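Have the sequence and the 3D view ready.

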Amino acid sequence: QWWRVLLLVVTALPSWLGYAFTFPATAPARWIADTKVKRAEFYSPVSLATHLGTFLIFFLLILLICLISGFWWLLPISIGLSVLSYGSVLWRESLQKLVWQRRYSRIAAQDISALKQQWQAIKTAIGT
């Protein structure tokens, strides 16, 4: 699928630019979730809450900078770069999907059918 590779190459720079812009907000949130959470089921809620909190502080700081300096053109640029940071999440997911598809395509056909049979046996054993 050459078009996926081309799309990943074309969108790499904008998505990583957005990631670099929001890194000051995401790094503390990721650090808190990684160091403070002991159980796996609490990781996502803590990560979401800390990201929301750090992004709120981050954008309030940007708004304060725009208010004090009078450079209101920074506000739409920062919002645009934040949208690009969401694009970086999608970019990394697409890259991961492409890598897993390439790994899957290297598996022999008989191994795939054996795995599918095992999956069906597991599904019937648990009753779904």
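Is Ser82 buried or exposed? Ser82 counts as buried, because its relative accessibility is 14% (buried means under 20% relative accessible area, exposed over 50%, partly exposed in between, with a 1.4 Å probe and protein chains only). Keep in mind that this is a predicted model, where local features need pLDDT of at least 70 and side-chain atom pairs count only at pLDDT 80 or more, while totals for chains, interfaces and linings use all residues. Residues are numbered from 1 along each chain as its sequence is written, and side-chain values use heavy atoms, with hydrogens and water left out.

- Ser82 is part of helix 3 (helices are DSSP runs of H or I with at least four residues, strands are E runs of at least two, and both are numbered from the N terminus).
- Setting aside neighbours within four places in sequence, Ser82 is in contact with Phe21, Thr22 and Phe59 (contact means heavy atoms within 4.5 Å).
- Thr22 belongs to helix 1, and it counts as buried because its relative accessibility is 2%.
- Between the C-alpha atoms of Thr22 and Arg4, which are 18 residues apart along the chain, the separation is 25 Å.

**Helix 1 with helix 3**

- Helix 1 (residues 2-36) packs against helix 3 (residues 74-105) at an angle of about 120°, and their axes are 6 Å apart (axes are lines fitted to C-alpha atoms, for helices over the stretch in contact, and angles run from 0 to 180 degrees between N-to-C directions).
- That angle makes helix 1 oblique to helix 3 (under 35 degrees is roughly parallel, over 145 roughly antiparallel, 65 to 115 roughly perpendicular, and the rest oblique).
- Their crossing is left-handed (the near helix is turned anticlockwise from the far one by less than a right angle; clockwise would be right-handed).
- Sorted by class, this contact has 13 nonpolar, eleven polar and four charged residues (Ala, Val, Leu, Ile, Met, Phe, Trp, Tyr, Cys and Pro are nonpolar, Asp, Glu, Lys and Arg are charged, and the others, Gly among them, are polar).

**Helix 2 and its partners**

- Helix 2 has 27 residues and reaches 38 Å from its first C-alpha to its last, close to the 39 Å expected at 1.5 Å a residue (the expected span is 1.5 Å times one less than the number of residues).
- The axes of helix 1 and helix 2 (residues 43-69) come within 8 Å and cross at roughly 150°, and the crossing is right-handed.
- On the helix 1 side, the residues making this contact include Phe21, Thr22 and Pro24, while those from helix 2 include Tyr43, Val46 and Phe55.
- Helix 2 and helix 3 have axes that come within 9 Å and cross at roughly 160°, so the two are roughly antiparallel.
- This contact brings in Phe59, Ile62, Leu63, Ile65 and Cys66 from helix 2, plus Leu74, Leu75, Ser78 and Ser82 from helix 3.
- Those residues split into seven nonpolar, two polar and no charged.
- Ser47, Thr50, His51, Thr54, Phe58, Ile62 and Cys66 are the buried residues of helix 2, and their cover includes helix 1 and helix 3.

**After the helices**

- Gly70 follows helix 2 and has a positive phi, near 85°.
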